[in-house]
Amino acid sequence: MSYEGSTTTRPPPSDQATAAARARMLSQDDTARPRSRRAWRLPVGLLAAATAAATAAAVVAGVTLTTGAPPPRTGVQAVPADARSPRGMMLAAASQAERQRQGPYWYSHQRTAFATLARGRTGGYVVEERHEYFMWTGRARGDGNSFYGRTFAGGPQTGADADAWRAAGSPSSWTVRSSGVTRTVSATSGAWQEDDPDDQGGGVFHIPGLGQFTYQELQELPTDSAGLYELLCEGSVRFLGGGSGAPKRCDKPKKVLDQAFSVLTGTPVPPKVRAGLMRLITDYPGVRRLGAVTDPLGRPAVGLAASFETADGRGTLQEEVLFDQRTGKVLGRRHVQLEPGPNSEKWQVPGRTLDSWLIMDSGWSDAKPALPG
């Protein structure tokens, strides 16, 4: 196994899975073909922009690990005596993740937000276009699964945006445009819509960028950093029945965070695997430890981050992955504009959150999970 910064030659990286595929926690087919989604799904232009990390949040400080630093140690690590340090906070969260219970039904309630400029007579400030998803699956074939989605109430993003919104007469909808698509964002949530329920489904889980796994195969995943790095970044995407897809590669710290986030967010991997992933990314070269932060919903969190340059001229961005230190659960991910690029819009300034993917709740249930209100 080789870590970031080594001289080992690897195959070219595969394309990033789309945001829609990330939202989809599971697939019951032996091929990872996309499933249809209804009108509440993210528009195509928004998907492209969100997947490309259209930016922003507060500029945060942390300890930078240089490329070529020693690889993370393997095995379970004790929480350091100083649990108030950024590293100690993350390892304390990993220890809590190790204690999470399992059950017969896995569920995840997620919310995405994409910042964009409100246009027209009442525009000139930034609003968030939001969507919600709720998905559950039984751990055994025949336990069932389902996926729900809806548009969630949009609104001004910051206090200054809210002031501008009130000054414009507090409109209840906004015209926005991104990736060449013009649409309307409403301040009212839509109704939940169920998509392709399967009473005979369950027991098979799709991890974007990694492939498909049965529940039993998830229990057999490695828990040490070396084995987990190989799972995330080496070999090929796997399908049930022995087929394989594109080669995996983690050529940047951000990609390692992406892959770990996909596993932690949408898949019921065992507690020791969750804890191992958190320890891997805590000590991964090039990943910064943020210490105590607040997520976009105001929840206290501890975080990790990696900066990267966009390929389309939008400048330097930072990806943050956030955790609840008390429970070890992942709270979400957001992108941060660190430095504008030649193709940034004027409102995409350092310090603004441009997109986020939040986990409202997730875990195991003893009964079929109920749809959130």
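Student: Where is D196 placed?
Tutor: In this predicted model, D196 is in strand β6, which covers residues 193–198.

Student: And what's phi of D196 near?
Tutor: It is near 55°, a positive value in a residue other than glycine. Most residues other than glycine have a negative phi.

Student: Does D196 count as buried, partly exposed or exposed, and why?
Tutor: Partly exposed, because the relative accessibility of D196 is 36%.

Student: Which loop holds S170, and what is its phi near?
Tutor: S170 sits in the loop between α4 (159–167) and β4 (173–178). Phi of S170 is also positive, near 55°. With 34% relative accessibility, S170 counts as partly exposed.

Student: Switching to cysteines: how many disulfides does the structure hold?
Tutor: There is 1 disulfide, formed by C233 and C250 with their sulfur atoms 2.0 Å apart.

Student: Which parts does the pair tie together?
Tutor: C233 lies in helix α6 (residues 225–233), while C250 is in the loop between β10 (244–247) and α7 (253–266), so the link joins parts that are 17 residues apart in sequence.

Student: Left-handed or right-handed, and why?
Tutor: Left-handed, because the torsion about the S-S bond of C233 and C250 is about -85°.

Student: Are those cysteines buried or exposed?
Tutor: Both C233 and C250 are buried.

Student: You mentioned α7. How many of its residues are buried?
Tutor: 14 of the 14 residues of α7 are buried, so the helix is largely enclosed by the rest of the structure. From first C-alpha to last, α7 reaches 20 Å, close to the 20 Å expected at 1.5 Å a residue.

Student: Now the hairpin: how many residues lie between β7 and β8?
Tutor: There are 3 residues between them, and G209 in the turn has a positive phi of about 85°. The two strands pair in the antiparallel sense over 4 bridges, with V204 opposite T214 in β8.

Student: Which way do the β7 residues point?
Tutor: V204 and H206 point one way, F205 and I207 the other, and all are buried. In a regular strand the side chains alternate between the two faces of the sheet.

Student: Zooming out, how many helices and strands are in the chain?
Tutor: The chain has 8 helices and 15 strands, and 55% of its 373 residues count as buried.

Note on methods
Residues numbered from 1 in each chain as written. Predicted model: local features only at pLDDT ≥ 70, side-chain atom pairs only at ≥ 80, totals over all residues. Heavy atoms only, no water. Buried < 20%, exposed > 50% of the residue type's maximum accessible area, 1.4 Å probe, protein only. Pairing = 2+ DSSP bridges. Disulfide = S-S within 2.5 Å. Expected span 1.5 Å × (residues − 1).
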